[in-house]
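Work through these exercises with the structure in view. Try each task before reading its solution.

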Amino acid sequence: MVKNARSSILARLRMAPESVGVIQPDWRPAVIAEPERQNRFTTMIEAAHGEVHPVESQVWPQRLLSILANRGIRRLLIAPAHPLGRALAEAWAGNPDAPELVPYDRCVEEMKDTLVHGIDAALTGTAGAIAETGSLVLRPGADEPRLMSLLAPIHIAVLEANAIHDTLTSMMASQHWNRAMPTNLLLISGPSKTADIEQTLAYGVHGPKELIVLIME
Amino acid sequence: MNSPTGFAQRAAVALSDKSLRANFRRAMDGLMEKRKAQFPDRQALEALRDKGAAIRANALSKLPDLLERLEANCTANGIQVHWAATVAEGNAIISEILGKHHARLVIKGKSMVSEEMHLNHHLQQQAIDAIESDLGEYIIQLAGETPSHIVMPCIHKNLDQIARLFADNIPDQAYTEDVDALTAAARRVLRERFAAADAGLSGVNFAVAETGTLVLIENEGNGRLSTTLPSLHIAVTGIEKVVESLSDIPPLLALLPRSATGQPITTYVNMISSPRRPGEKDGPTEVHLVLLDNGRSKVYADPHLRDTLRCIRCGACMNHCPVYGRVGGHAYDAVYPGPIGKILMPQLDGLEAKGDLAHASTLCGACAEVCPVKIPIPDILVHLREESVNPTGAVAHSHFSGTLERTIWSMWTMVNTSPKLYRLFLWGATRFGNLMPGRLFKRWTLVRTRPQFARASLHEQAASEGFGDG
Amino acid sequence: MRTLDKPEKVYFFGTCLMDTVYPEAGLAAMRLLKREGITVVFPQSQSCCGQPARNSGYAPDAIEVATRQLDAFSENWPIVVASGSCAGMMRHHYPKMFAGTNDEARAAAFADRIYEFSWFLVHVLKIDLRDHGEPIRVAFHTSCSSRREMQIVDEPLRLLSQLSNVTIVPFARETECCGFGGTFSIKQPDISSAMATDKMTAIVESGAQAVVSGDCGCLMNIGGTLEKAGHPVRPVHLAQFLWERSHE
C-alpha cells in the first residue's frame with residue numbers, strides 16, 4: 001500500500017504540464033563588515049533578551065562565576081568530553097562557592113530525571129554565530145549532547161569573537177554545510193519565548209528562560 | 001447565484017461578536033505593524049520576495065525529482081520516509097509506527113498538516129494521547145477548539161478565558177491573569193509530558209532535498225523538545241514543502257519570520273538530518289518522515305493553480321486581509337483560513353464543500369502584496385470562480401448550480417455587446433432606476449442609501465456637450 | 001516608467017457606473033481635458049470593461065464584452081479612464097484574457113493605450129491647477145485597484161496639493177479596502193457592510209468635509225454609507241472635484 005502511494009503520487013506529479021523555466025534572481029544578503037559584526041550580533045541578541053558578556057578567554061571560568069553569582073545556580077550541566085567542560089571542571093575544582101558541576105556523561109535514558117528536574121543551568125560551546133540576525137550556531141554531537149542547550153532554565157553559551165560571520169548565507173557557503181550535515185544543527189537567537197497569550201511576550205515557555213553568551217576575546 | 005452559504009452565515013455571527021472583532025483587530029494591527037517594521041527598504045523587500053518566489057517556483061517545477069532526492073538523502077541519513085496519498089493513509093502509517101513502539105503518549109510540536117489529517121482525533125480513537133505542546137495549540141486543546149490562525153492558534157482567546165481554562169484544567173492551578181505565571185504553569189505541566197512521551201510528532205517548515213534535512217522553526221522550544229527528547233520522532237509534511245538546496249534556506253528564513261510575526265528570526269532554527277548517531281547521548285533513535293499528498297498533486301496538475309503550492313505558511317496574507325481580520329479563522333470552518341485558505345481549501349476539499357470561500361473576497365490584493373513568495377492570490381480566486389461556473393475538472397467536485405446567475409450574466413453580455421441595447425439600458429436606468437422598489441436593494445441598503453441614478457447618462461450628456469464619436 | 005507626449009486627441013472611457021450614477025464626473029473629466037487643449041472623443045458604442053463578469057468567474061462573457069471595447073476604441077489614440085479599477089482591468093487583465101486568441105495583439109495594443117485619469121494629468125499633461133474654491137478639508141480614498149494594480153497613489157494627492165485651499169487629511173487604515181468589491185457587496189453583504197462602516201467611521205473621525213476618490217464604486221459605497229448614517233461629508237469623484245475647484 002505504501003509503495004502504491006509513492007508511485008501513484010510521483011506518477012500524478014509527472015503527468016502534469018511542465019513548468020516554464022524559473023529564472024533565479026541574483027539575490028545577495030547584506031554584507032556586514034568584520035569590525036561591525038560583534039556589535040551587530042550583540043545588539044540583535046540583546047533585543048531578543050539574550051545576555052552578552054565579552055570576556056577575556058584566559059579568565060572565562062572566573063568571569064562566569066561572578067556572572068552567575070546571586071542567580072541561585074546550584075547545579076550546572078557540563079559536557080565532560082568537551083574542552084569547555086573540562087576547562088570549567090578544572091578551574092572550579094575545589095571552589096566551595098562554585099555551582100556543582102553535573103556531567104552529561106551517560107545517555108539520556110539513564111539521566112532523564114536529572115536533566116529534566118535536576119539542573120539549574122547548562123554550559124555549551126558554539127560553532128560560531130551570525131551577526132545579521134544575532135544567532136548562535138550550535139552543532140551538538142557526541143561531545144556535546146543536544147538537550148544541553150534546551151532543558152536547563154539557563155543556557156550559557158561560549159562564543160569565540162572571531163567566529164562571528166555576517167550572514168547565514170555566507171557562513172553556510174564558506175563552511176560548505178551542504179557537504180555533510182550533522183544529526184542536528186541549531187540556530188539559537190535568544191531565550192525561549194511566546195506571544196500566544198494576547199500577544200504579550202513571555203519567556204522560558206519550554207526552552208531556557210535565560211540565554212547568557214560569553215564572547216571570548 | 002450563491003444562496004446564503006455556510007461562510008456568509010458564520011461570518012455574520014462573527015461580525016456581531018464584539019469581543020472577537022476587537023481581539024482580531026488588535027492582533028492583526030499588531031502583526032501588520034511588526035512586519036512593516038522589519039521591511040523598511042521597499043526595494044530590498046521586493047528583491048527578497050522575488051528570490052523567495054523563484055526558490056519555491058523552482059522547487060515546484062522539479063517536484064517529483066526533488067521528492068525522490070529528498071527520500072534518497074533522508075534514507076541514507078537514517079530517516080525512514082513514508083508516502084501517503086490520502087489523510088487516511090497518513091494516519092494509518094503513523095498509527096503503525098506508534099503501534100510498533102507501543103506508544104501511548106505522543107507529544108506534538110505545531111503541525112498544520114496534522115490538523116489537516118485530524119490526527120489527534122484518529123489517535124484518540126486508538127487510545128493514544130496526543131498532547132499539544134505549542135502554548136497556543138495547548139490552550140485550544142484545553143478548550144476543545146481548532147486553531148483560528150495558522151501561526152498564532154489562539155488569537156481569538158482573551159486573557160481571562162485562558163486564565164479560566166488553566167484554572168479549570170490544571171491541577172493545583174489557581175486562577176491568575178499574570179502571563180508569566182500562566183506560561184510557567186504550562187511549562188511545568190508540559191515538561192512532565194515531554195519526559196513521559198513515547199513519541200514526538202512535528203511538522204516541517206522546509207525539507208531540503210540536497211542534504212536530506214528537515215528544517216523546523218519556532219520560538220518556544222517545544223518543537224526541539226518534541227523532536228529530541230522522545231526516542232521516536234515522526235515528522236509530517238505536505239509534499240510541496242521540499243526545496244532544492246540548503247542555500248535556499250537563508251532567503252526563506254529571511255522572509256518567513258518577518259512576514260509572520262515581524263521577527264528577524266525565530267528563537268530556534270532546528271535542522272534535523274538523522275536519528276541519533278553512534279556515540280551521541282540523546283536524540284530520537286528513530287526518525288520518520290511522512291509525505292502527504294491529500295490533493296496537492298491535483299493542485300499541481302493545473303498550471304494556473306500550481307502557484308498555490310508555493311505557500312510557506314507564514315500567515316501574512318490573513319494578517320492583512322480585511323475579511324479575515326473581521327471574522328477570524330473559525331468562520332472559514334477550514335484547516336487553513338484566510339486568503340491562502342480561500343484558494344487552498346476549495347482545491348483540497350472540493351468546490352462543492354468549500355467553493356464559497358473563493359467568493360468571500362473583494363479581490364483587494366492586500367494578500368498578494370505581502371505574500372513572501374508572490375502567490376497571485378486574487379488571480380487564483382478568479383480562476384476558482386471560473387471553475388465553479390465552467391467546471392473543467394481541474395478542481396475536485398465542481399458542481400455548478402447557479403442557473404439564475406448564469407441567465408443574468410447572459411443578459412448582461414447581450415446588453416453590453418449591443419450599443420443600441422446598452423443605450424436602451426442606460427435610458428431605462430436613468431429614467432426609471434430611482435423608481436425601482438427598495439427591496440431590490442435590500443442587501444446594499446443594510447448600511448447604505450440606495451444609488452441615485454442620474455437624470456441622463458454620460459452617453460447622452462457627452463453627445464449633447466459635443467464630445468463626439470470620433 | 002511610461003512616457004507619452006501630450007497628444008492632440010484622446011478617447012474617454014466612461015465606465016458603466018459613471019454612465020448611470022456619476023455622469024457629472026465623466027463630464028468634468030472630459031471638460032478638464034478639453035480645457036487643456038485636447039480633443040476628447042467619446043465613442044457611443046462603448047459599454048462596460050467586463051470586470052464584473054470576470055470577477056464573478058464568467059470569463060467568456062467578460063471576453064465578449066471586452067472585445068466590443070476593442071472595437072469601440074479602434075484608433076491609435078490614448079484612452080483616458082477615470083477609474084482605477086476599470087483601468088486596471090483593461091491594462092493588466094485584457095492582455096492575459098486575450099492571450100492565445102485572434103485578438104491577442106489588438107488587446108495588447110489596446111491595453112498599452114490605457115491611462116488612468118490622474119496619472120494622465122500629472123505625467124502627460126503636467127497640469128498646473130489653480131484653486132478658486134473656499135478652504136476645505138478632504139480625505140482621499142485610493143481604491144485597491146489604483147493602489148495595487150495600477151500603483152497610482154501619489155498622483156491624485158499631487159493634484160489635490162496643487163489646490164491651495166484644499167487640506168488633505170489623513171484617516172485611519174487608509175490602505176484597507178472599503179468593502180465594495182463589486183458583486184461582493186451583494187454576495188457578502190454583512191462583511192461588506194462592516195468594512196464600509198469602518199471606512200466611513202475613519203473618514204468621519206478625520207474631520208474631512210469631503211471624501212474624494214478616483215473610483216465610482218468606492219464612492220458609491222462610502223458615500224452611501226455616510227448618507228445613511230447622516231454624516232454631511234460630501235462624496236465626490238476626483239475629476240469633478242478638480243474641475244469644480246479649478247474652474248472659474
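**Exercise 1. Find how far chain A lies from chain C, then the pair of chains that shares the most contacts.**

Chain A and chain C do not touch; their nearest C-alpha atoms are 16 Å apart. A contact needs the C-beta atoms of two residues, placed from the backbone, to lie within 7 Å. Of the two pairs of chains in contact, A and B share the most contacts.

A note on the model: it is predicted, local features need pLDDT of at least 70, side-chain atom pairs count only at pLDDT 80 or more, and totals for chains, interfaces and linings use all residues. Residues are numbered from 1 along each chain as its sequence is written, while chains are lettered from A and ligands numbered from 1 in the order in which they are written.

**Exercise 2. Describe the side of chain A that touches chain B.**

Start with the counts: 63 residues of chain A are in contact with 76 residues of chain B. Next, the elements. Those of chain A that give two or more residues to this side are helix 1 (2-15), helix 5 (108-117), helix 6 (168-174), strand 9 (184-188) and strand 10 (193-194). Helices (H or I, at least four residues) and strands (E, at least two) are DSSP runs, numbered from the N terminus. Helix 1 of chain A gives the largest share, nine residues.

Now look across the two chains. Strand 9 of chain A and strand 9 (residues 268-272) of chain B run antiparallel, joined by five bridges. Strands pair if DSSP finds at least two bridges between them.

**Exercise 3. Summarise chain C.**

Count the elements: 13 helices and eight strands. Buried residues make up 59% of the 248 residues in chain C. The C-alpha atoms of chain C fill a box of roughly 50 × 45 × 30 Å along the principal axes.

Definitions and conventions:
A residue is buried if 20 or more other C-beta atoms lie within 10 Å of its own, exposed if 12 or fewer, and partly exposed in between; C-beta atoms are placed from the backbone.
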